[in-house]
Amino acid sequence: MTNGRKSRFMTENLLPGERVDQLLAQNIQIIQSPQVFSFSLDAVLLAHFASIPKKGKIVDFCTGNGAIALFMQPRTTAHITGLEIQERLADMAQRSVTMNDFNEQIEIIHTDVNDAFDYLKHDSIDFITCNPPYFKEQPKSKKNPNPHLAIARHEIHFNLEDLFSVGSKLLKMNGKIAIVHRPDRLIDILDTMRAHRIAPKRIQFVYPKKDREVNIVLVEGIKDGKTDGLRILPPLYVYDDQDNYLPEIKALLHGE
């Protein structure tokens, strides 16, 4: 798709409140809306962290507006399927896929991840990624009044048990799964992975600054893998003392 065609697509296919942002490092454009969903640094970090295969089949759970699927595309020729329960977000993702001319490689399906087997076969997937809701669903927990944001952030329709139960059934033997989450849920993550035959293999902690506590954790595991051999990668820091992105993060976002 030429730049002129992209421009016409952007202006003709945006809904009220939507905008088009660009990940300059990969020249990928994505439709966003602060009222519905906008990707964060978490999505960029996961797409970079995941040791995705060069070919095969990849599934992105809770794909949202398709950010992780789009950001993985330049690194693989694998077919990528994004699953998203919210119809509005699935529509945004599909329009971004079309805008970038990725329809032959990326497929967006509007469905609950728990219904994935209506579309995908057991033991057929090489790699799964997921940026899931971070917060436990509790009756008295305070949620965002915006239902789109509440579903994306709280375990209303999807939790860690769903993630690893469905993920384990979809993955081939020695298939991998990578997620981004909050560090205070790390024990829950590791316990649930192992309960579903997924051996944790790589963990990386992300810190806002060198003098701050970790606020993001990236975890990757292998289905039916050996239980030893867990690697803790070097820490990743996001900002310097002047609140500027450090070179490694700047390279991910801007290609600098």
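**Exercise 1. In which loop is Arg197 found?**

Solution. The model is a predicted one, in which local features need a pLDDT of at least 70, side-chain atom pairs count only at pLDDT 80 or more, and totals for chains, interfaces and linings use all residues. Residues are numbered from 1 along each chain as its sequence is written, and side-chain values use heavy atoms, with hydrogens and water left out.

Step 1. Helices (H or I, at least four residues) and strands (E, at least two) are DSSP runs, numbered from the N terminus. Arg197 is found in the loop between H7 and S8.

Step 2. The backbone of Arg197 has a phi near 65°, a positive value in a residue other than glycine. Asn174, placed in strand S7, also has a positive phi, near 70°.

**Exercise 2. Describe the protein chain as a whole.**

Solution. Step 1. The chain has eight helices and 11 strands.

Step 2. Buried means under 20% relative accessible area, exposed over 50%, and partly exposed in between (1.4 Å probe, protein chains only). Of the 256 residues, 50% count as buried.

Step 3. A contact means heavy atoms within 4.5 Å. Among contacts with a separation of 6 or more, 69% join residues 24 or more positions apart.

Step 4. The pLDDT is the predictor's confidence in each residue, from 0 to 100. Its average over the chain is 88, and 86% of the residues score at least 70. Over residues 148-152 the pLDDT is below 50; this stretch has 19 contacts in the model beyond near neighbours in sequence.

**Exercise 3. Why is helix H6 largely enclosed by the rest of the structure?**

Solution. Step 1. Helix H6 spans residues 160-170, and nine of its 11 residues are buried, so the helix is largely enclosed. Among the buried residues are Leu160, Leu163, Phe164, Val166 and Leu170.

Step 2. The buried residues of H6 pack against strands S3 (57-61), S6 (125-130), S7 (171-181), S8 (198-207) and S9 (216-223), and against helix H7 (186-195).

Step 3. At the start of H6, a side-chain oxygen of Asn159 comes within 3.1 Å of the backbone nitrogen of Glu161.

**Exercise 4. Is Lys209 buried or exposed, and with which side chain does Lys209 make a polar contact?**

Solution. Step 1. Lys209 is found in the loop between S8 and S9. Its relative accessibility is 11%, so Lys209 counts as buried.

Step 2. A polar contact is a pair of N or O atoms within 3.5 Å; within protein, one must be able to donate a hydrogen and the other to accept it, and residues adjacent in sequence count only if both atoms are side-chain atoms. The side chain of Lys209 makes such a contact with the side chain of Asp243, at 2.6 Å.

Step 3. Not counting residues up to four places away in sequence, Lys209 touches Tyr237, Tyr239, Asp240, Asp241 and Asp243.

**Exercise 5. How many aromatic pairs does the structure hold?**

Solution. Step 1. Rings of Phe, Tyr and Trp (its six-membered ring) pair if their centres lie within 6.5 Å; planes under 30 degrees apart count as stacked, over 60 as edge-to-face and the rest as tilted. The structure holds three aromatic pairs.

Step 2. One of them is formed by Phe39 and Phe71, which are edge-to-face with 5.0 Å from centre to centre and 80° between the planes. Phe39 lies in the loop between strand S2 (28-32) and helix H2 (41-49), and Phe71 in helix H3 (residues 67-72), so the pair ties together parts that are 32 residues apart in sequence. Phe71 is buried, with a relative accessible area of 2%.

Step 3. Tyr239 and Tyr245 also form a pair, which is stacked, with 5.1 Å from centre to centre and 15° between the planes. Tyr239 is partly exposed at 31% relative accessible area, and Tyr245 is partly exposed at 28%.

**Exercise 6. How many disulfides does a search of the whole structure find?**

Solution. Step 1. A disulfide is a pair of cysteine sulfur atoms within 2.5 Å. The search finds zero disulfides.

Step 2. The closest cysteine sulfur to that of Cys62 is in Cys130, at 4.0 Å, which is too far for a bond.

Step 3. Cys62 is partly exposed, with a relative accessible area of 21%, whereas Cys130 counts as buried at 0% relative accessibility.
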